[in-house]
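The following exercises are to be worked through with the sequence and the coordinates at hand. Each task is followed by a solution in steps.

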Amino acid sequence: MLDAADSAWAAVKPIVNSIAVGATVTDTLKSIVELSDDAMEAMQKVQTYFSSTTRTTTMLALELLAPMPMTGSWAAGTTFRLAARLAEGIINQDQLLLPGYRLRHVIFDDKCDESVGSDIVVSAMAEKDTYVGIGGMGCDRVCRPISSLATSLRLPFMSYECSSPDFSDTLGYPALARMGTVTKTPMLTTVESLKGLHGWTKLFIVSGDPAFYQVQVERYTQDFQAMGFGVESLSAYESRWNDIKGIMASIKGRTKGLERVLFVLGSETFYRKLVCASITEGLQKGIVWISEGTWRSQWWKKTDLLTSAHRQWLREDVGGLQLKQAFADFKAAWDSFRPTVQATRQDLFDLYVTDLKDELAYADGTERYHGVHAKYHPIYRQKLYDRAYYDIFFFDLDGD
């Protein structure tokens, strides 16, 4: 327990030290809030274990199940998490709203995907039924099924965004309360006003994955046609750069001397690639870019959110105690497995490279290596699933 607390603190400590020597406070404070989840949880466990206070002086925990879009087509979860942790701290410290209780978000990545979000709620509630409510969520497609689940589970449901206007229907979504502001109607009103002001006649709806965004494209096509626009829809997968360039080249060829009004539906990565394609295809000037919702400040200048997330995860791994201990244990077990490196390589290859793949937690045998593998395999397999890695490898300085 103390080792876990030390490992969690080790990830935060370098950032705290950087503030002490003059680092930019704004950026480092955000990192501290994001990294402090594990440290706070570990220290709370230590405090609870070693405390001798009675029930009357110990705050009771209230846990909110909180799926958030940390990755996916609209990855605003890092902002949600930051705000949630700050609110948590104020509520728990002041003891005005929930006297005698300690509020805590249990955060999962719903990937802005309705099936992932639903699976999180079902599996989390099956594991324990002590959650007092469901919070988080920002993507409309996730809020819809989870609202139904919340009603069935008789849990209050608070979304931190989910701006679709149909969520205002309290009969259709009785369990849902939301902090998000409806953006579609004001956005359409703004587009109609700009159309009248500038005399726009044609609009391109450009979307990512055509299957994923088909329903939204159809709805917006009807909305824009009702305004008097001639609407044309184009789509491409965000992983296909040549197709994205083809879209922009096509728009360029058909709009010479005309307005170029683009309404974009897709992830931040897709949007950024469209902007880049407009430059490579030579039509960066004179384009009106329109989209619904909110984006990061100057997002077009920044790396993909998933890339930033991977960098943050790696920093946490390197700064923590768990990876260091796992490597030391594997190294010692490797060195003691067989008299020679060649024999160790061959025997472990035969034992662990099987059709079971990652389902093999450990092989039979009395050697120390099997116990070490059994201890760490579930931990790093879960990291692999959570982060969508292809595989995870441990190497020593000899390449073994």
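The exercises move from the whole chain to individual residues and pairs.

The model is predicted: local features require pLDDT of at least 70, side-chain atom pairs count only at pLDDT 80 or more, and totals for chains, interfaces and linings use all residues. Residues are numbered from 1 along each chain as its sequence is written, and side-chain values use heavy atoms, with hydrogens and water left out.

**Exercise 1. The chain as a whole**

Task: Describe the secondary structure, extent, surface and charge of the protein chain.

Solution. 
Step 1. Secondary structure is taken from DSSP runs numbered from the N terminus, with helices (H or I) of at least four residues and strands (E) of at least two. The protein chain contains 13 helices and nine strands.
Step 2. Its C-alpha trace spans about 80 × 60 × 50 Å along the principal axes.
Step 3. Of the 400 residues, 39% are buried; buried means under 20% relative accessible area, exposed over 50%, and partly exposed in between (1.4 Å probe, protein chains only).
Step 4. The chain exposes about 22600 Å², of which carbon and sulfur atoms supply 57%. Accessible areas come from the Shrake-Rupley method with a 1.4 Å probe, and for residues only the protein chains shown count as cover.
Step 5. A contact means heavy atoms within 4.5 Å. Among contacts with a separation of 6 or more, 66% join residues 24 or more positions apart.
Step 6. There are 42 positive and 49 negative side chains, and the centres of the two sets lie 6 Å apart. Lys and Arg count as positive and Asp and Glu as negative, while His and the chain ends are not counted; each charge is placed at NZ of Lys, CZ of Arg, CG of Asp or CD of Glu.

**Exercise 2. Salt bridges within helices**

Solution. 
Step 1. A salt bridge requires a side-chain nitrogen of Lys or Arg within 4 Å of a carboxyl oxygen of Asp or Glu. The structure holds 17 of them.
Step 2. Arginine 85 is buried at 13% relative accessible area, and glutamate 88 is buried at 5%.
Step 3. Arginine 272 counts as buried at 11% relative accessibility, as does glutamate 268 at 9%.

**Exercise 3. A salt bridge between loops**

Task: Which parts of the chain does the pair of arginine 338 and glutamate 367 link?

Solution. 
Step 1. The closest N and O atoms of arginine 338 and glutamate 367 are 3.1 Å apart, forming a salt bridge.
Step 2. Arginine 338 belongs to the loop between α11 (321-335) and α12 (341-352), and glutamate 367 to the loop between α12 and α13; the pair thus links distant parts of the chain, 29 residues apart.
Step 3. Arginine 338 is partly exposed at 25% relative accessibility, and glutamate 367 is partly exposed at 25%.
Step 4. Elsewhere, a network of salt bridges links Glu63, Arg104 and Lys128.

**Exercise 4. Positive phi angles**

Task: Is methionine 137 buried or exposed, and is arginine 154 buried or exposed?

Solution. 
Step 1. Most residues other than glycine have a negative phi.
Step 2. Methionine 137, although not a glycine, has a positive phi of about 55°. It is placed in the loop between β3 (133-136) and α5 (140-153), and is buried at 0% relative accessible area.
Step 3. Arginine 154 also has a positive phi, near 60°. Arginine 154 occupies the loop between α5 and β4 (157-159) and counts as exposed at 76% relative accessibility.

**Exercise 5. The surroundings of serine 163**

Task: Which residues are in contact with serine 163, leaving aside its neighbours within four places in sequence?

Solution. 
Step 1. Serine 163 lies in the loop between β4 and β5 (176-178) and counts as buried at 9% relative accessibility.
Step 2. Its contacts beyond those neighbours are Asp140, Arg178, Thr181, Val182, Thr183 and Glu292.
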